[in-house]
2 protein chains.
Amino acid sequence: MAAPRLRLAPAERRQQIIDAARQLYADRPYDDVSTAELAEAAGVARGLINHYFGDKRELFLAVMRESILMPERALPDYEGRTLEERARLTMDWILDAATTYGQAWIAASGAANLHGSSDIQAIVDEADDRAARLVLDAVGLPDSPHLRARLRPVAALTKAVCREWLQRGSLTRAEALDLLTDSLLLFVRKEPT
Amino acid sequence: MAAPRLRLAPAERRQQIIDAARQLYADRPYDDVSTAELAEAAGVARGLINHYFGDKRELFLAVMRESILMPERALPDYEGRTLEERARLTMDWILDAATTYGQAWIAASGAANLHGSSDIQAIVDEADDRAARLVLDAVGLPDSPHLRARLRPVAALTKAVCREWLQRGSLTRAEALDLLTDSLLLFVRKEPT
DNA sequence: ATGCTTGTTGACACTGTGCCAATAGCCGGG
DNA sequence: CCCGGCTATTGGCACAGTGTCAACAAGCAT
């Protein structure tokens, strides 16, 4: 049973550890899972984790980076549609993505600077920012710092609504779509100055 | 200098510990501050923390409960105003509260179930729920489970917008007020079914 | 085969947490 | 005014979890 000490390429082993960790973190909180467990799940000595990631937290961050970011995959092409239509289609696509993909995304909502020196907050922020850019592109608007600042909160809103819909069942999908579409339009329009 | 072992009423000492802890947690993440520090800051032996709270996490939760919840203080009376006016006045009041009060509130945005078995998430949820009720009352609408489900995400949105405004400076107060007011109206109106 | 490179291991030291019996404030009765 | 008891408070103990590091060995090159 004792795995006869296999030797892998660094990138490969690194990924293997991350994958094992992701499964554990999927339904257990950060400080509830020990490095010992992490190591065992990956079939690896405890020391190796420190060797590759230096730190337990750093491994966690690596996992988050992988699971939180929305798929870069380009959105469908909405050439020729009106702004309203594009907004709705985009939100619809996001809701789909959330269903299959976004458990971690929703969960991490705002992992908050409570947690660790706000490293996590930074990652969540980056995810939101990326989502904002994605949406701007999909809707066909130019990418400006100000517009992005307006859209980042929409990402937070989206996550909260998805939580109500998916985890609490207190909103229907249709209702969520309506609300989010209108919100998106609201935040995109009425530029001041 | 050695404090000659003062004996206090349980409630008093408990509060004293919480207050000291709050200051530490104000600008340092949870697991970065040790029980030793907590104890020293409160001028108390380490064991006493476990005596009163049982657990380090439990103390943290106690602090959160105190700092996250919005002031219960009743909102001004908006008798005779239109819905739009009341929405704007309410949001204006909330923005004020956020300025002075809500650092922790914003910070904790969605402390997430990553952190600890989702105890914290529960607290944040309660805070959001309370905020939702508060707003419903202020705006003069009946308190229904469904309306509350719609308003909780607005709480998340509000926090995100406040973060852009207060911490990043990427939105002006006026802009934030506009966006939030319209959003609030959006989520309150168009009841389905 | 044999040596070298480097991925991998296991043991060690240390910090931080929770627990518990011992200590000593404070308030009451004598 | 002194004394005894209730209980708030302490300090030390045991243990779990983390990071470090020198030694080990798998695979490649020669």
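## Salt bridges and DNA contacts, worked through

A:Arg22 is partly exposed, at a relative accessible area of 29%. Here buried means under 20% relative accessible area, exposed over 50%, and partly exposed in between, with a 1.4 Å probe and protein chains only. This is a predicted model, where local features need pLDDT of at least 70, side-chain atom pairs count only at pLDDT 80 or more, and totals for chains, interfaces and linings use all residues. Residues are numbered from 1 along each chain as its sequence is written, chains are lettered from A and ligands numbered from 1 in the order written, and side-chain values use heavy atoms, leaving out hydrogens and water.

**Exercise 1. Work out which residue A:Arg22 forms a salt bridge with, and where the two sit.**

Step 1: start with the partner. A:Arg22 pairs with A:Asp19, their closest N and O atoms being 3.1 Å apart. A salt bridge here is a side-chain nitrogen of Lys or Arg within 4 Å of a carboxyl oxygen of Asp or Glu.

Step 2: Helices are DSSP runs (H or I, at least four residues), as are strands (E, at least two), numbered from the N terminus.

Step 3: check the surroundings. A:Asp19 is partly exposed too, at 34% relative accessibility.

**Exercise 2. Find out what the salt bridge between B:Asp125 and A:Arg168 joins.**

Step 1: the distance from N to O is 3.2 Å.

Step 2: B:Asp125 belongs to helix α8 (residues 119–139) of chain B and A:Arg168 to helix α9 (residues 145–168) of chain A, so this pair joins two chains.

Step 3: now the accessibility. B:Asp125 is buried at 16%, while A:Arg168 is partly exposed at 38%.

**Exercise 3. How many residues apart are B:Arg173 and B:Asp96?**

Step 1: these two form a salt bridge, with the closest N and O atoms 3.0 Å apart.

Step 2: B:Arg173 is in helix α10 (residues 173–188) of chain B and B:Asp96 in helix α5 (residues 83–101) of chain B; they are 77 residues apart, so the pair links distant parts of the chain.

Step 3: both ends come out partly exposed, B:Arg173 at 26% and B:Asp96 at 40%.

**Exercise 4. Which elements give two or more residues to the surface near DNA strand D?**

Step 1: take the neighbours. Near means that one of a residue's heavy atoms lies within 4 Å of the molecule or strand. There are 21 residues around DNA strand D, and those that come nearest are A:Arg7, A:Thr35, A:Arg46, A:Asp55 and B:His51. Of the atoms of DNA strand D within 4 Å of the protein, sugar and phosphate make up 61%.

Step 2: look at phosphate oxygens. One is 2.7 Å from a side-chain N or O atom of B:Arg13, and one is 2.9 Å from a polar backbone atom of B:Ala45.

Step 3: name the elements. They are α3 (46–53) of chain A, plus α1 (10–27) and α3 (46–53) of chain B. The biggest giver is α3(B), with four residues.

**Exercise 5. Now try DNA strand C: which element gives the most to the surface near it?**

Step 1: one phosphate oxygen of DNA strand C is 2.6 Å from a side-chain N or O atom of B:Thr35.

Step 2: the top contributor is α3(A), with four residues.

Key
A polar contact is a pair of N or O atoms within 3.5 Å; within protein, one must be able to donate a hydrogen and the other to accept it, and residues adjacent in sequence count only if both atoms are side-chain atoms.
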